[in-house]
Amino acid sequence: MAEQSEYQFTPVSGGERLEFLGKEIRANLSKWGMLGGMRRYRFAYANKFEAYKSKTFFDDLFANSEALATVQALPQASSRYCSLSALAGRGGLSVAANEMCATVTDLTFFDRLEKKGLISASGTFKQPSIYDRMPDDPEGFDMVRMMLADVPSSAHLDLYTRQEKQELIFKVFSHLVLGGHISQYDESLEPYTAATAALYGKLVTPYRDPDSRDKRILLRAHVFQLAVKDADGEAVLPAPAPSDYLGSPSTASSSFAYAIVEPLRKQVTILSYEGKAGSWTD
């Protein structure tokens, strides 16, 4: 007799292609090579989520037949998406869920980019001095992209702390600024912060703190970075790019999968991106 799962899941939406974002932002995502490979999935769940039971929660999610039939992945050797149920096989899937943070509630989080001289007063990305560049630095990278990509020659690697770099909004911003395959970079910061705010706002739900005098905004979400593998230990979500895939220097690890659990709504959202599909627009 099969063991009863502690958590049951029901699809709320399956594989949304970011239609919920505005036309201008979707156009920018396409230009940055991020639109075609990104999907959002949402599931309602029963029972109370407990952070210390997160392993059980995600084990149950990725063993749930409806969830497996809903979530799509792009196998390494394929150019077609297929459901996780087709990739699970008889051995099932295993999942590692590393907890992140979601505490940032506004874009002032990125103000230090200008204060520390990475962004000009007019809002454009600033290039490092030729004397600060190394021969193996990614070609065309400005100071912000060098910092986000952890390029060793960057003088701003400590601009954000290790914990701040685990904030969901920092991750979203980083992915958009670094872009995907065949990314056409914008010269100004504003399109990236606008897209970050729009996408971030569709992943987490803000609440007013009733106990604070100024009714400040709170986020009550648990965020995890996911790595889903099949029985042979091969990554399926996100899938790695094939060895012969020629992407930009920033796309080597650009594929991602994040899960946002909101206990008050009893809902989990998965945002995934497959790097080799990033330039697809259909």
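The structure is a predicted model, in which local features need pLDDT of at least 70, side-chain atom pairs count only at pLDDT 80 or more, and totals for chains, interfaces and linings use all residues. Residues are numbered from 1 along each chain as its sequence is written, and side-chain values use heavy atoms, with hydrogens and water left out.

The protein contains eight helices and eleven strands; helices (H or I, at least four residues) and strands (E, at least two) are DSSP runs, numbered from the N terminus. Of its 282 residues, 50% are buried, where buried means under 20% relative accessible area, exposed means over 50%, and partly exposed lies in between (1.4 Å probe, protein chains only). The protein exposes about 14400 Å², and carbon and sulfur atoms supply 49% of that area; accessible areas come from the Shrake-Rupley method with a 1.4 Å probe, and for residues only the protein chains shown count as cover. A contact is a case of heavy atoms within 4.5 Å. Among contacts with a separation of 6 or more, 70% are between residues 24 or more positions apart.

Next come the nonpolar cores, each a set of buried Ala, Val, Leu, Ile, Met, Phe, Trp, Tyr and Cys residues joined through side-chain atoms within 4.5 Å. The largest nonpolar core has 49 residues, and Leu29, Leu113 and Leu168 have the most contacts inside it. Two or more residues each are given to this core by helix H1 (23–31), helix H6 (143–148), helix H7 (168–178), helix H8 (190–201), strand S10 (256–262) and strand S11 (267–273). H7 provides the largest share of this core, with eight residues. A second, separate core has 28 residues, including Ala67, Val71, Val95 and Ala259.

Leaving aside its neighbours within four places in sequence, leucine 168 is in contact with Met100, Cys101, Tyr200, Leu203, Val204, Val223, Tyr258 and Ile260. In H7, eleven of the eleven residues are buried, so this helix is largely enclosed by the rest of the structure. Among the buried residues of H7 are Lys171, Ser174 and His175. The packing partners of these buried residues are H1, helix H5 (112–115), H6, H8, strand S8 (222–229) and S10. After H7 comes glycine 179, with a positive phi near 75 degrees.

Helix H2 shows another pattern. Its buried residues are Ser54, Phe57, Phe58, Asp60 and Leu61. Seen down the axis of H2, these buried residues fall within an arc of 160 degrees, so they line one face of the helix; the arc is that of the directions from the helix axis to the C-beta atoms.

Rings of Phe, Tyr and Trp (its six-membered ring) pair if their centres lie within 6.5 Å; planes under 30 degrees apart count as stacked, over 60 as edge-to-face and the rest as tilted. A search of the whole structure finds 18 aromatic pairs. One of them joins tyrosine 7 and phenylalanine 57 edge-to-face, at 5.0 Å centre to centre with 70 degrees between the planes. This pair links distant parts of the chain, 50 residues apart: tyrosine 7 is in the segment before strand S1 (9–16), and phenylalanine 57 is in helix H2 (residues 54–61). Tyrosine 7 is buried, at 0% relative accessibility, and phenylalanine 57 is buried with a relative accessible area of 0%. Phenylalanine 109 and phenylalanine 110 form an edge-to-face pair, at 5.2 Å centre to centre and 80 degrees between the planes. One aromatic cluster is made up of Tyr7, Phe9, Tyr45, Phe49, Phe57, Phe58 and Phe224.

Charged side chains also meet rings; a charge sits over a ring if NZ of Lys or CZ of Arg is within 6 Å of the ring centre and within 35 degrees of the ring normal. Arginine 39 lies over the face of tyrosine 81, 4.3 Å from the ring centre, and arginine 145 lies over the face of phenylalanine 125, at 4.6 Å from the ring centre.

Finally, the backbone. Most residues other than glycine have a negative phi, and most peptide bonds are trans. Leucine 237 and proline 238 are joined by a cis peptide bond, with omega about -10 degrees. Aspartate 150, in the loop between H6 and H7, has a positive phi near 55 degrees. Lysine 266, in the loop between S10 and S11, has a positive phi of about 50 degrees.
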